[in-house]
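Hi everyone, thanks for coming.

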2 protein chains.
Amino acid sequence: MNQTCAVKRYTFGTPFPTHAVVRSIPCETGEVQEMLVRDEGRILQLLLDAEDIVFGLGEQVRGLNKRGWKYISNNTDDPNHTEGKHSLYGSHNFLMIDGIEKIGLFIDTPGKVIFDIGYSMSEQLRIEIPDRNYDLYVITGPSSEAVVHTFRALIGRSYIPPRWAFGYGQSRWSYETADEVREVVREHRERGIPLDMVYLDIDYMDDYKDFTIDSEKFPDFPSFVQEMKEQQVHLVPIIDAGIKKAEGTYSVYDEGMEKGYFCKDAEGKPFEVAVWPGRSYLPDFFREDVRTWFGDHYRGLLDMGIDGFWNDMNEPAIFYSDKRLKEVFAKIEEYKKQNLDVNSFFEFQASVSGLANSPEDYRSLRHDTEAGRIGHESVHNLYGALMTKAAADGFRRARPDTRTLMFSRSSYIGSHRDAGIWQGDNMSWWSHLKMNVQMTASLNMCGFLYTGADAGGFGDDASPDLLLRWLGFAVFTPLLRNHSVRGSRRQEIWRMVRTEECRQILSLRYAFLPYIYSEYMKAVFEDGLLFRPLAFAYPDDARARHVEDQLLFGEGLMLAPVVEQNAWGRYVYLPEDMKLLRMRSACDYDEEILQKGDHWVPAMEHEILVFIRPDRIVPFGSGEARSTEQVSTEELRLLSYIKTKAAYDLYTDDGVKNVQGPEDGIIIHYEQSV
Amino acid sequence: MNQTCAVKRYTFGTPFPTHAVVRSIPCETGEVQEMLVRDEGRILQLLLDAEDIVFGLGEQVRGLNKRGWKYISNNTDDPNHTEGKHSLYGSHNFLMIDGIEKIGLFIDTPGKVIFDIGYSMSEQLRIEIPDRNYDLYVITGPSSEAVVHTFRALIGRSYIPPRWAFGYGQSRWSYETADEVREVVREHRERGIPLDMVYLDIDYMDDYKDFTIDSEKFPDFPSFVQEMKEQQVHLVPIIDAGIKKAEGTYSVYDEGMEKGYFCKDAEGKPFEVAVWPGRSYLPDFFREDVRTWFGDHYRGLLDMGIDGFWNDMNEPAIFYSDKRLKEVFAKIEEYKKQNLDVNSFFEFQASVSGLANSPEDYRSLRHDTEAGRIGHESVHNLYGALMTKAAADGFRRARPDTRTLMFSRSSYIGSHRDAGIWQGDNMSWWSHLKMNVQMTASLNMCGFLYTGADAGGFGDDASPDLLLRWLGFAVFTPLLRNHSVRGSRRQEIWRMVRTEECRQILSLRYAFLPYIYSEYMKAVFEDGLLFRPLAFAYPDDARARHVEDQLLFGEGLMLAPVVEQNAWGRYVYLPEDMKLLRMRSACDYDEEILQKGDHWVPAMEHEILVFIRPDRIVPFGSGEARSTEQVSTEELRLLSYIKTKAAYDLYTDDGVKNVQGPEDGIIIHYEQSV
C-alpha cells in the first residue's frame with residue numbers, strides 16, 4: 001500500500017547524521033506546503049481539526065491520542081512517569097495526524113524537540129526545534145496504516161531477537177549470587193511456572209565494572225551459564241554506559257583512557273561522572289572506533305555462553321559530576337554561614353537534588369565526530385542509540401549468523417533496527433499498566449517491536465491483583481519481564497500470593513507463542529505493526545477511532561486488558577462481530593460470539609479477554625510448555641471465528657539463525673470454512 | 001434507619017481523647033466478636049469474602065473500593081499523590097465492609113494506624129495500631145447506608161458554611177497585591193464569569209506572619225474587603241500553623257513565647273521549625289488556653305470584614321528544624337572529606353531531601369495535655385484538627401450567630417463538625433480528577449461534606465481540556481475552587497483558551513445551586529451523604545456495586561463525569577431507567593430517557609452528563625447569576641423525570657445565620673405527576 005504515499009524531505013540548517021532513515025529521499029527545494037514554517041525553521045505549525053487524532057511519539061506519557069499535552073524529546077532517566085512529565089528515556093520524533101488527511105511527520109534531529117499538541121492552543125500543533133538543524137520528513141497517504149508503513153519502510157527493518165526471548169523472564173535488582181539465581185529457576189521449575197530468562201542486574205559485576213563478573217558471587221560463570229541453559233534458562237546480564245575509574249586494575253578503563261575513548265569536557269579532558277560504579281567515564285559512542293572497541297567487549301560474555309544483554313543508563317544518566325558536586329558543596333558552605341531563609345533552603349535542596357542529570361553537565365560534555373568536536377546538547381538523544389549500535393555491531397562481528405538478544409533503556413529511531421527497548425523504570429501503578437498498553441502501540445509505529453514494560457511495575461510495591469492483571473496484558477508483549485527495584489515487595493510469581501492464577505495466565509503466553517512469534521516476524525518483514533489502535537483498522541468507525549484501551553494484536557486478535565483495580569469486568573467496543581474468549585488458562589476458557597457494538601464483559605482478576613476477529617484463525621498450543629524450547633508448532637489447535645472461511649500462514653523458523661524474510665523460515669498454512 | 005444498627009465500643013489501652021465521637025457508648029467488657037484481636041490489640045484481623053467491598057478511609061489514594069492496597073493514617077504534607085503513596089493530609093479511620101454483612105469500623109486514635117486491605121493477602125483485612133491505645137467502634141446493620149448513617153450520628157453533625165461559600169472561588173499562589181485581586185474580579189465580572197470568592201495565599205501577609213496584612217501590597221485592607229464585598233466577592237485569606245520568630249516586632253510571637261504557648265522539644269524548650277516564614281514555632285493546640293488564644297486572633301481579620309479562612313500547613317508540615325539541619329550540615333562535612341561513593345552520595349541526597357517532615361523531628365515534639373506532657377507521635381494526626389477547632393471555637397465566640405467559612409488541609413474525624421477540608425495540593429493530572437470524584441464520596445462517609453479538590457489541579461500545568469472537564473465535575477462539589485501553584489501555567493478561566501466553554505459549564509453551578517445547597521443542608525441535618533457510591537442505593541445490583549466512576553448526588557441526580565483525556569464520551573451504567581441531560585449550559589442541553597443497563601454516552605469536552613433518577617425533581621435556576629447573591633429560589637424550573645409522580649422539598653435559608661435544623665429555614669415544596 002505504500003506506493004500510494006508521498007514522502008518529502010525538507011532540510012533545515014545542517015542536520016547531524018542520525019542514520020535513522022535508511023532510504024535516500026531527495027531534498028525538496030521549495031517551501032514546506034503542509035505546515036507553516038516560522039523563524040527559519042525553529043517553529044513548525046499546523047492547525048488541528050477537532051476530529052483529528054495525533055498518534056505517535058513512541059515512548060511518551062499519556063494516551064494513544066497525544067493531543068492536549070506538551071512532549072519534549074530529551075532522553076531522561078526519570079523514574080517518576082507521571083502525567084506531568086514531558087520526557088522519558090527515548091526520543092521518537094514521529095507523529096501522525098489522523099484526520100480527513102493522514103500526515104506523518106518525522107523530525108530527524110538528535111537535539112531537543114518540543115511538541116505542543118493542542119496544549120497551549122487546543123487546535124494547534126506546534127513543533128519547536130530550538131537549534132534549527134533537522135530533516136523534516138512529511139508523509140501523506142490514504143490511511144494511517146499506509147503512512148506508518150511508509151515511515152517504517154523509510155527507517156528500515158526492525159530488530160529480530162532469538163525466539164527464546166519471547167519467553168518469560170524473571171528479574172530483580174538484583175539476584176546477587178548464582179545460588180539466588182538457582183533458587184529462582186528451581187522455584188519456577190518445581191511449581192511448573194514457565195521461565196526462559198533470568199536477568200542479572202548490576203550486582204553480578206565485579207564492583208559495577210562492565211564486562212566483568214564477580215567471581216565470588218558467581219564462581220565459574222561459564223559453567224553456571226551452561227548449567228542454566230541445560231535448564232532452558234538464558235542469563236541476561238546488564239551492561240551500563242559508564243566505565244569505572246579503576247586505574248591499573250580494570251583494562252577497559254585503562255585502555256579507554258589511554259586511547260582517549262571517553263567523552264571530553266569543554267577543556268578537552270575526559271569528563272568524569274558518577275554513576276553506579278562511582279567515578280566513571282562515558283565512552284564516546286559518536287566515534288566509530290570507540291563503538292567497535294566497546295562492542296567487541298561483549299565478546300567476553302558471549303564466549304562464556306551469554307546470548308542476550310540489556311543496555312542501561314545510556315541517556316546517559318549522570319548521578320553527579322565531580323565539578324558540580326564541588327560547586328554544590330561550596331554553595332552549602334555559603335548556606336551554612338547564612339541564617340538560611342526558606343527560599344535559600346529550597347535552593348539548597350534543589351541544588352542537591354538537581355545534581356543528577358544536570359543540564360549543566362550535559363552542556364559541558366563533548367563528543368568527537370566526523371564533523372569534529374561537538375557539544376553534547378545538540379546530539380543528546382542519540383547517545384543511547386549509539387551505545388546500542390556499538391553492541392549490535394559487535395554481535396554482528398562476533399556471531400554474524402546468530403541472533404543475540406539486546407534491548408536498551410535509551411533509544412532514538414534507528415535503534416529499532418539494532419535492538420528492542422524496555423519501557424524504563426516504571427512503577428507498580430495501575431496507571432502504568434494502562435500506559436504500558438498505550439505506549440506499546442505508539443512504539444510499534446516508531447519501529448520498536450521488541451518492547452514491553454516491567455510487568456508488575458519496577459518501583460513501589462505491587463499488589464497481587466496488579467501483578468495478575470499486568471501479566472494478563474504482558475503475555476502478549478514480545479518482551480515479557482517481571483522486574484522490581486531493590487527494597488520493594490518481592491514480586492516473583494512464586495513469592496506472591498495468587499501464584500497459581502499467575503501461573504495459569506502465564507501458560508497462555510506459551511500457548512499463544514507460535515502466533516505471537518509468527519505475527520512478530522511478519523510485522524518485521526512487512527514493516528507492519530504488531531499492536532495497532534482500532535483507528536488503524538476501522539478508520540471509518542468514529543467510535544473505534546477514539547478507543548484508547550483496546551488494541552488489535554496481529555491479524556487475528558483484539559485485546560481488551562483490564563487496567564482498573566477491583567474491577568469485575570470492563571466495557572469493550574466491538575467495531576464488528578467478534579468471538580470472545582474469556583481465558584483463565586490455555587485449557588480453561590469460555591467462548592461467546594459478541595455482536596458489533598458496546599458490551600460490558602465480565603473478567604475476574606484471573607481471566608483475560610481475547611477477541612477473535614471474524615474469519616481469522618489463531619493457532620494455539622497446549623500451554624503445557626515451561627520454556628520456549630518446549631513450544632512446538634506441531635499439533636496446534638486453531639482458535640477461530642469463521643463466518644465464511646479463513647486462512648492463516650504461520651511463520652516459524654529455528655529461532656536462532658538470522659533471517660531476512662519469510663523465505664528463510666517455514667510457513668504452515670491453515671484453512672477453515674463453515 | 002439507624003435504630004436497626006448495633007454499635008459497640010471496645011477500648012484498648014488508654015486512648016487519647018480525640019472527641020471524634022460525640023455520643024456516649026458504653027464500653028464492651030467481653031471479647032471482640034467481629035474480628036480476631038492479636039498481640040493485645042495491636043492487630044485486628046478479618047477475612048474478606050471475594051464479593052466484599054471495603055469503603056471509607058476518607059482522604060486517601062486509589063478508588064472507592066479500598067481493597068488491594070495498604071493505607072497508613074499519618075497526616076503528611078506530600079504533594080505527589082501517586083498510587084504508591086500510603087498517607088495524605090488527613091486521617092479518617094472509618095471503613096465499612098460491604099458484603100453479605102455490613103460492618104463499619106472506626107479506630108479512634110490520633111496515632112498511626114495501618115490498614116492492609118487485601119494488599120498482603122488478597123482476602124484479609126489487617127489493621128495494625130502500633131501503640132495499642134484506641135477505641136474500636138463496630139457498627140453492624142442492614143445496609144451500608146444505615147451503617148454510615150449510624151456512624152455519622154455518632155460523630156456529630158457536619159459543618160455548615162455560609163451559602164456564598166457554595167460559589168466559585170478563584171485562587172492562585174498568590175495574588176500578590178490588591179490590584180491583582182481587582183484584576184481577577186474585573187476579568188470575571190466583565191466576561192460574565194461567575195465569582196464569589198478570591199483566595200489570598202501566603203503572600204498577602206506581612207512576611208508570612210499569621211494575622212498580619214502586608215500593607216504595601218494591600219493598603220487599607222478593611223476598605224478593600226468592603227470594596228470586594230460590594231462586588232459580591234469574599235476574600236478568603238490563608239492562615240498557617242507556624243508562628244514566625246520575630247522578637248519584638250510581632251506580638252503573636254512575643255506573646256506565644258512569653259506564655260509558653262509553643263510546642264516543646266524533648267528538653268522542654270520551644271521547638272523551632274522552619275516553614276514559610278522561616279524560623280517559626282508551632283502553637284501547642286493540644287492546650288485549650290492556646291486554642292483560645294490562637295482562635296481569638298482571627299478576630300482581627302473578622303473585624304476587617306473577612307468572613308472565611310483556610311488553615312494550612314497543619315499536619316504540621318515542617319520544612320526543616322534547625323537541629324536536623326545542623327546534623328545534615330555536619331554529615332555533609334564528612335561526605336566532603338570522603339571520596340564519595342555512589343551509596344554515600346544517595347545517602348547525602350536522601351539526608352537533604354529528608355529534612356522535610358522528618359520522623360525524627362516529630363519524635364522530638366512535645367505537647368502539654370490534660371494528661372501531662374506527651375510525645376507528638378502518639379497524637380500526630382490530631383494536630384490539624386485542633387488548629388481547626390481553635391479557629392472554629394474562635395468564630396463561635398466572635399460571631400456566635402453567624403457562619404464563617406473555614407476549611408483546613410489537615411484533619412481528623414471530628415474536624416468535620418468545625419470545618420471543611422480541601423483535598424490538598426493535588427496535580428493537574430487526569431488521574432487526580434478521577435481521584436477527586438472517588439475521594440469526595442469517601443470523605444462524605446467520614447463526615448466531611450464541605451470538600452472539593454483544587455479544580456484544574458494545583459501542581460504541574462493544566463491543559464485547557466483538563467480544566468474544562470474538571471469543572472464539569474467540580475461544579476457539584478460544595479467547595480469549588482480553581483487554584484494553582486506558583487510557577488505553573490495560569491489557570492484562571494479568563495486566561496485559559498476555551499474561556500467561553502468554561503464559563504458556560506460554570507453557569508451550571510449557579511443554576512443547580514438551590515438544589516446543591518438544599519441537598520447539602522439535608523445531608524447535614526440528617527447525617528446523610530451528599531455524594532454516594534451506587535452500591536449504597538442499589539445494594540442488590542451486582543453491577544452497580546462495583547461502579548467506581550459514577551456517583552449519586554443528592555436524592556435526584558446521578559453524575560458520570562468524564563475523567564479521560566481526549567474522550568468523546570463515556571460508558572455509563574444505569575441501575576434503573578433515568579433521564580439523561582447532556583448539558584452545555586443552563587439553557588442549552590439535550591434530554592433523553594435511557595433505559596436501565598449499559599450505555600455509551602457521547603459527551604464532548606464542553607458537555608456534562610447529568611442523570612435524573614425516576615420520579616425525582618431537581619429545581620434548577622436560569623444560570624444567569626454571577627454570584628450566589630444573585631441566585632434566587634423563586635421562579636425555579638423543575639428538571640424532572642416523572643414515571644408516576646414526584647415531590648421535592650427544597651430547603652433554603654438566609655445562608656448566613658447559624659441553623660440547627662430544617663425548622664430554621666424555609667421549605668419550598670414541589671410536586672409533579674404524569
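I'll go through helix pairs, then aromatic rings, then a few spots in the backbone.

Before anything else, please keep in mind that this is a predicted model.

Okay, helices. Two packed helices are described by the angle between their axes and the distance between the axes. The crossing of α6(A) and α6(B) is left-handed.

So which residues meet there? From α6(A) we have A:F329, A:I332, A:E333, A:Y335 and A:K336, and they meet B:F329, B:I332, B:E333, B:Y335 and B:K336 in α6(B). If you sort the contact of α6(A) with α6(B) by class, you get six nonpolar residues, four charged ones and no polar ones.

Now slide along to helix α7, residues 342–353, in chain A and in chain B. Here the axes come within 9 Å and cross at roughly 155 degrees. That makes α7(A) roughly antiparallel to α7(B), and the crossing of these two is left-handed. On the α7(A) side the contact is made by A:F348, A:Q349, A:V352 and A:S353, and on the α7(B) side by B:F348, B:Q349, B:V352 and B:S353. What classes do those residues fall into? The contact of α7(A) with α7(B) divides into four nonpolar, four polar and no charged residues.

Right, on to the rings. Over all chains, the structure holds 107 aromatic pairs.

Take A:F262 and A:W293, an edge-to-face pair at 6.3 Å centre to centre, with 75 degrees between the planes. This pair links distant parts of the chain, 31 residues apart: A:F262 is in the loop between α4 (251–258) and β16 (272–275) of chain A, and A:W293 is in helix α5, residues 288–303. Buried or exposed? A:F262 is buried, at a relative accessible area of 1%, and A:W293 is buried too, at 7%.

My other example is in chain B, where B:F55 and B:F536 form an edge-to-face pair, 5.4 Å centre to centre and 75 degrees between the planes. B:F55 sits in strand β4 (residues 53–56) and B:F536 in helix α13 (residues 534–537), so the pair ties together parts that are 481 residues apart in sequence. Both B:F55 and B:F536 are buried.

Back in chain A, ring pairs also link a whole cluster, and A:F262 and A:W293 are among its members, along with others including A:F211, A:Y253, A:Y298 and A:F395.

Last topic: the backbone. Most residues other than glycine have a negative phi, and most peptide bonds are trans. Here are some exceptions.

The peptide bond from A:E315 to A:P316 is cis, with omega near -10 degrees, and A:P316 lies in the loop between β18 (308–312) and β19 (320–321) of chain A. In chain B, a cis peptide bond joins B:E315 and B:P316, with omega about -10 degrees.

For phi, look at B:D39, which has a positive value near 50 degrees. B:D39 is in the loop between β2 (36–38) and β3 (43–47) of chain B, and at 35% relative accessibility it counts as partly exposed. B:D220 also has a positive phi, near 45 degrees, and is found in the loop between β13 (197–200) and α3 (221–230) of chain B.

Note on methods
Residues are numbered from 1 along each chain as its sequence is written. Chains are lettered from A and ligands numbered from 1 in the order in which they are written. This is a predicted model: local features need pLDDT of at least 70, side-chain atom pairs count only at pLDDT 80 or more; totals for chains, interfaces and linings use all residues. Side-chain values use heavy atoms; hydrogens and water are left out. A crossing is left-handed if the near helix is turned anticlockwise from the far one by less than a right angle, and right-handed if clockwise. Helices (H or I, at least four residues) and strands (E, at least two) are DSSP runs, numbered from the N terminus. Contact means heavy atoms within 4.5 Å. Ala, Val, Leu, Ile, Met, Phe, Trp, Tyr, Cys and Pro count as nonpolar, Asp, Glu, Lys and Arg as charged, and the others, Gly among them, as polar. Rings of Phe, Tyr and Trp (its six-membered ring) pair if their centres lie within 6.5 Å; planes under 30 degrees apart count as stacked, over 60 as edge-to-face and the rest as tilted. Buried means under 20% relative accessible area, exposed over 50%, partly exposed in between (1.4 Å probe, protein chains only). Axes are lines fitted to C-alpha atoms, for helices over the stretch in contact, and angles run from 0 to 180 degrees between N-to-C directions. Angles under 35 degrees count as roughly parallel, over 145 as roughly antiparallel, 65 to 115 as roughly perpendicular and the rest as oblique.
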